[in-house]
Amino acid sequence: MSAIEANFDGLIGPTHNYAGLSFGNVASDKNRGAVSSPLGAVLEGLGKAKALADAGLVQGILPPQARPDTEYLRRLGFSGSDTSVLETAWRADPVLVRNVYSASPMWAANAAMVSPSADTQDRRLHMTPANLATTLHRSIEGKSTQNALNAVFPGQAFKVHAPLPLQSTFADEGAANHVRLCAEHGEPGVEIFVYGRESGETWQGRYPARQTRESCEAIARAHGLDMKRCVFIRQAQAAIDAGAFHNDVVCVGTLKTLFFHTLAFEDKAEALEQIRQAAAGLFDPIFVEVAEADVPIRDAISSYLFNSQLLAMPGDDRLMLNAPIECEETDSTRNYCDMLTAGNGPIGRVNFVDVRQSMRNGGGPACLRLRVVLTPAELASVNPACLMNDARYETLCDWARAHYRDALHPDDLGDPALIEESRTALDALTGLLDLGSDFYPFQR
Ligand code: SUG
């Protein structure tokens, strides 16, 4: 068996809600104040993961983080019992409380940048948790992500770094701004880092550029990558202004294929040439470029066509796009998908998947997963309780039904009962995923 590309999905936490926290994320803004369904969301996510496991892909799970993050509120001067910390903070600043309640770690594409061992100097699999410095609610994720990755990927085969310094110069959003192309997963590949801005410049955009060139370069260095095989590309400001707050909203790639919107990169010709050069001697990249006339960027962003999982499915000779169901409901993207699969290009099939609960916060099928290329030996080292199978799926669905609310309004975050509810759920989860009984801060 050679190396495979596994998907680790973020298990959606019990406080999933629509607080409108992400400036520049059109869906998050549009749905601010809507009633969410944490139970519906977690079941959608588990369903997506289970379907890929059933089809023969290796599928893992990353645990949610403890929310509310009461430690964060304590650092801001709130004191007393956890309940009174929450109550006082809610009275003083409900928006702050919404930030520490966000279930945003579900978007595992933002958990880390990952370099497979085939690309690294020391032949270990390197991961750098994202610091998510740009948004308040996500900037609290990095350290806990590091702990989670250590629990899921233990042992010498893996090198889990600390997040980059939590500073605007090193703003980093993880694999959502990273694409790896290769001939075979286990062979050396080309690592493409996409950044929105350089730290020194005065950003003129309508929305924040969340990734800096400096953070990309630091990660490439820390992972011990061969710089000849690394490409640093600037995301188009037009794409960010249209709502592509991560590159994976307008671009996805796997193996030799890069699927992207024509407006994704600031200098497209230069970007493609750099990729060709970095791949020279390894493989010829295949570019599938989607024209504005076929899919206007507006539709690309509302339907999340490029936030699909691009997958080599067992038994298929062409790639499959695991696309949000919104792409079937949008005329331009549905027509484009029909055209794509009728042609003889590298993408031969499109499957539509319903992850609407996450989509309403700007997270499609590709946001929900972290891709990790694993050799057989590395796969054998992964915490087996975090891998999806029939029994685990049933157990996790039962667990969610026992603990999750069916409806949650952002105003419900002021309800002190939610603290205990969410802790009871996560405490039970540590047993199911074999994370140890001191995994979460509230357990220690
Ligand atoms: O960072 N939404 C996330 C969506 C992340 C999508 N990930 C990728 N593209 N890979 C974000 O903007 C919204 C939370 C709220 O508004 O309540 C949020 O954080």
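Ala-264 sits in the loop that runs between β10 (257-261) and α10 (268-279). The model is predicted. In it, the relative accessible area of Ala-264 is 0%. The cut-off for a buried residue is under 20%, so Ala-264 counts as buried. Leaving aside residues up to four places away in sequence, Ala-264 touches Gln-235, Ala-236, Ala-239 and Val-250. Cys-251 lies 13 residues from Ala-264 along the chain, and the C-alpha atoms of the two are 6.9 Å apart.

The protein as a whole was examined next. It contains 17 helices and 15 strands. Its radius of gyration is 20 Å, close to the 22 Å that the globule rule gives for 444 residues, so the protein is as compact as a globular protein of that length. Along the principal axes, the C-alpha atoms fill a box of roughly 60 × 45 × 40 Å. Buried residues make up 59% of the 444. Among contacts with a separation of 6 or more, 76% link residues 24 or more positions apart.

Two helix pairs that share α16 were then described. Two packed helices are characterised by the angle between their axes and by the distance between those axes.

Helix α2 (residues 38-54) is one partner of α16. The two axes come within 10 Å and cross at roughly 175°. Angles over 145 degrees count as roughly antiparallel, and α2 and α16 are therefore roughly antiparallel to each other. From α2, the contact is made by Leu-39, Val-42, Leu-43, Leu-46, Gly-47, Lys-50 and Asp-54. From α16, Asp-390, Tyr-393, Leu-396, Cys-397, Ala-400 and Arg-401 take part. By class, the residues of this contact are 8 nonpolar, 1 polar and 4 charged.

Helix α17 (residues 417-432) also packs against α16 (residues 390-403). Here the angle is about 165° and the axes are 10 Å apart. This pair, too, is therefore roughly antiparallel. The crossing of α16 and α17 is right-handed. On the α16 side, the contact is made by Arg-392, Thr-395, Leu-396, Trp-399 and His-403. On the α17 side, Thr-424, Ala-425, Ala-428, Leu-429 and Leu-432 contribute. The contact of α16 with α17 has 6 nonpolar, 3 polar and 1 charged residues. Leu-396 of α16 is listed in the contact with α2 and in the contact with α17.

Definitions and conventions:
Residues numbered from 1 in each chain as written. Predicted model: local features only at pLDDT ≥ 70, side-chain atom pairs only at ≥ 80, totals over all residues. Heavy atoms only, no water. Axes fitted to C-alpha atoms, helices over the stretch in contact; angles between N-to-C directions. Helix = DSSP H or I, 4+ residues; strand = E, 2+ residues; numbered from the N terminus. Parallel < 35°, antiparallel > 145°, perpendicular 65-115°, else oblique. Left-handed = near helix turned anticlockwise from the far one by under 90°. Contact = heavy atoms within 4.5 Å. Nonpolar A, V, L, I, M, F, W, Y, C, P; charged D, E, K, R; others polar. Rg over C-alpha atoms; globule rule 2.2 N^0.38 Å. Buried < 20%, exposed > 50% of the residue type's maximum accessible area, 1.4 Å probe, protein only.
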